[in-house]
Every structure is written in C-alpha cells, then in structure tokens.
Amino acid sequence: MTRALTILAPIVLASTLAAQAPTTPQARDTATSPAQLKIAIDTLGKFDAAVRTSAARAVRRSPAAQAVPALMAAAASHPDGYVRFRALVLLSGFNDPRAREIMSNALDDPNDRLRTVAYAYFEHNVERGMSARLLKALDKEDGEFVRPALTRALAAYGDEPAVQTALSALVMRGQDLYRSAVIEALGDYHAAYALTPIGTVARLDGPLQEDAILAIGKIGDKRALEVLQGLQKSASRVRQPAVAASICLLGFNCTSHQKFIVDTMNFAIKNIGFQDLLRAGSRALGTLAASGRQDAAAILLDVGIPTRDPARSPIALAFGSVALRNTPMTITVLASRPDLRDAALVLRDAFDMLEEDYEEERFFATVRRSYWAAPVGSPDRKVADALIQALEF
C-alpha cells in the first residue's frame, strides 16, 4: 500500500463504520470490533469535520464495555493531543465512574484542552477536598479557555468559605474575559455571597455590565431590586433587556418585562443596524428561559425559526445556551412544537457556533438517555430522534 493510501485508509474505514450505523441510538447495542473502534478513535483528530463527526458517532454507539476502556487508554496516552481531548470528552458521555481517575490526572496535564474538560467534569461531579486543588490552580492557570472552566468549577464549591473569598475578589480583579466568566458562573450558582461586588460592576458602564446585571437576577436576592431600579433610569438602551430580565428573575412584573424584551428583539430584527440590541434581547430572553420559563424558550424558537443571518445567530446562540443549561426543559419545549425539525435546526446552528465540548456531550448523553427511557412513539422519543438526526450524534 502506498503512503497516500495508508493515510486515507483510517478516514475511509471510519466513515464506512459510521455509515453502517443507523441514525437513531439503537446501534449502542451493536458490538464493534477492537480494530474498528481503534480506527474510529484515531480518526477523531482528522482535519475534515464530517469525518470527525462520523467517527465520534461510531464511538458513542459502541457498547460501553468496549468504548470506555478504549477511550480511557486514548485519553491517557494517544500520541495525538487532539485525539486525547476528544476521547476525554466522549468518555464523559458514558457516565462511567472509572472516568474520575482519568479526569483527575488531566487536571495536571500540559494539554490545555484536557484541563478544560477536567475542570468541567469536577464542576458537575463535586467531591469533597477538590476545591483546595482547584484553588491552588488559580495561581497558574491563565489559558483563554481554561481559566473560565476553572472558575466555573470553583463556583460549584461555593458553600466553602475559601472559595467564596477567592471568587468574590476575582469579580473586581483581572482581565475582563476572565471576570466575565466568574460573574456569569456566580450568577448560575446563585452566589449571594458575591452580590456586593457584582452590584458594583453592574453600576459601571462597560463590557461587564450586562454580565453583572444578569447575574444579579440569577442570584435571586430581592435586596438587589434597588440597584436594578436605578439602572432602569441610568443604564443605556442596550442594557435595558438585561435589567428587565433580572427584575423578572427577582419575581417582579415578569409578564411586562418579558414582553419588553420580546418587543425589543422584534424591533431589532425588523430594523437594520440594531444587532447589539438583538444580541442583548436574545441573551436576556435566554436567561429567562434557562431559569425554567418555558414560554421564553418557546418565544426564542418562534422568533428564531423564520429569521436568517445576521439576525438568526444571536437567537440561536441564546437557545443553544438554554439547551445546555436546562436540557430537560428544552426537551419538554421541543416536544410541544409542530415545527420540531426546524427547531432542531436552530439548535444545530447554535452548536456550530458554541465551543463548549463537554457541555454539548452532556447534552447528547441526556438526549440519548431520554430516547431510551421514552415509550416508542411518545413525544419525548420523537424529540430525541429529531435532535439525533439534526445534530448527527
């Protein structure tokens, strides 16, 4: 065999392996030969995105007894660093307790991508004693995508005083990129202990103001209402959707505030030149949806499905964030849609833009579990099938 054929062989074989599998999850019970599984894992690092997607799908549909040991070995020692990363992400979707040791080792790995996945794992798999290790990492971790994952992980340990002290200080210190991630995480984890510094940032016009305003609402402490009422008078027009969403999240006048956000979005869609207002409105409505307001999630789809770029992108991103933060509710909303395929395509657009590999894999795993748990022909199974088809996992 020539060198050219040697290079192409894994791609062809992996694509063939994936093509043999049906697009619904039944193939999870289909045995895969060790050679086929190795080829699929090796192909996770190929340049062609379609080939990588097919390879990942083939791995997900391998029986866990075969896939988990192979993914563990690849994550630990594969010569291709990107394959190690993708193997670790795929391993997380199998929810196998043996992944814990691999994730722990990855916290100290030189590969930035592996550390990012490991931090995300320990965000969602909280364990006693881990916070001390994460706090120690704050002194040296400064990767553009890695440090935000670290601070999100720490926010999950927010009942510990040392974590509260460290994260509260980071609201006011460091690069804006990292402060933004800290503020968002503190909001997501309802960190009332950080309300004072977040309120300080919310009062300041600048790139972090919207993050802080939304975090105040997500924290849910009604003492912050005074801050938000002041911002209704003083904040710029583009911040008003966030202010409205946060007042709603505090439990005040949700119907009128949500209507204001939707009206703002519709205005920005119909009038060229207001993309910043559309982004703000989409994010605000997405925040309401992620908090559990199904009507807000449905409106994102009602507005987003008929639109085209550039208007579609911020709406799709907002809905994608809802899907990752509140997957069960997203499935419920999708089950009520007569335009299910179009709604799934909005989510596909979002996932094409998002770079949250671990969170997306958790979403895939949840949808697959939903597929198997739902009776044949039920709305939940139809939703899961539509998502598997559209997102190709």
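A disulfide is defined here as a pair of cysteine sulfur atoms within 2.5 Å. In general terms, a disulfide is a covalent bond between the sulfur atoms of two cysteines. The structure is a predicted model, in which local features need pLDDT of at least 70 and side-chain atom pairs count only at pLDDT 80 or more, while totals for chains, interfaces and linings use all residues. Residues are numbered from 1 along each chain as its sequence is written, and side-chain values use heavy atoms, with hydrogens and water left out.

The bond joins Cys248 to Cys254, with the sulfur atoms 1.9 Å apart. The link of Cys248 and Cys254 is right-handed, with 90 degrees about the S-S bond. Accessibility was classified by relative accessible area, with buried meaning under 20%, exposed over 50% and partly exposed in between (1.4 Å probe, protein chains only). Cys248 is buried, because its relative accessibility is 3%. Cys254 is likewise counted as buried, with a relative accessible area of 17%.

Salt bridges were examined next. A salt bridge is a side-chain nitrogen of Lys or Arg within 4 Å of a carboxyl oxygen of Asp or Glu. Side chains of opposite charge can pair when their charged atoms come close. The whole structure contains 24 salt bridges. Helices (H or I, at least four residues) and strands (E, at least two) are DSSP runs, numbered from the N terminus. In one of the salt bridges, Asp42 pairs with Lys38, the closest N and O atoms being 2.8 Å apart. Asp42 and Lys38 are four residues apart in helix H2 (residues 34–42), so about one helical turn separates them. Asp42 is partly exposed, at 24% relative accessibility. Lys259 and Asp263 also meet in a salt bridge, at 2.8 Å from N to O. These two residues, Lys259 and Asp263, are four residues apart in helix H16 (residues 254–270) and are therefore separated by about one helical turn. Lys259 is exposed, with a relative accessible area of 51%, whereas Asp263 is partly exposed at 38%. An α-helix has 3.6 residues a turn, so residues three or four places apart point the same way.

A further salt bridge joins the side chains of Arg133 and Asp108 (2.7 Å, N to O). Because Arg133 lies in helix H8 (residues 130–137) and Asp108 in the loop between helix H6 (99–106) and helix H7 (112–124), the pair ties together parts that are 25 residues apart in sequence. Arg133 is partly exposed, at 30% relative accessibility, while Asp108 is exposed, with a relative accessible area of 55%.

Aromatic side chains were then considered. A pair of aromatic rings is described by the distance of the centres and the angle of the planes. Rings of Phe, Tyr and Trp (its six-membered ring) pair if their centres lie within 6.5 Å, and planes under 30 degrees apart count as stacked, over 60 as edge-to-face and the rest as tilted. By this rule, there are eight aromatic pairs. The ring centres of Tyr121 and Phe122 are 5.0 Å apart and their planes are at 90 degrees, so this pair is edge-to-face. Both Tyr121 and Phe122 are buried. The pair Tyr371 and Trp372 is also edge-to-face, because the ring centres are 5.5 Å apart and the planes are at 85 degrees. Tyr371 is buried at 5% relative accessibility, whereas Trp372 is partly exposed, with a relative accessible area of 41%. One aromatic cluster is formed by Phe351, Phe363, Phe364 and Phe393.

A charge sits over a ring if NZ of Lys or CZ of Arg is within 6 Å of the ring centre and within 35 degrees of the ring normal. Arg381 lies over the face of Tyr371, 4.2 Å from the ring centre. The charged end of Arg147 is placed over the ring of Tyr178, at 5.9 Å from its centre.

Helix H22 (residues 357–373) has 17 residues and reaches 24 Å from its first C-alpha to its last, close to the 24 Å expected at 1.5 Å a residue. The expected span is 1.5 Å times one less than the number of residues. The buried residues of H22 include Phe363, Phe364 and Tyr371.
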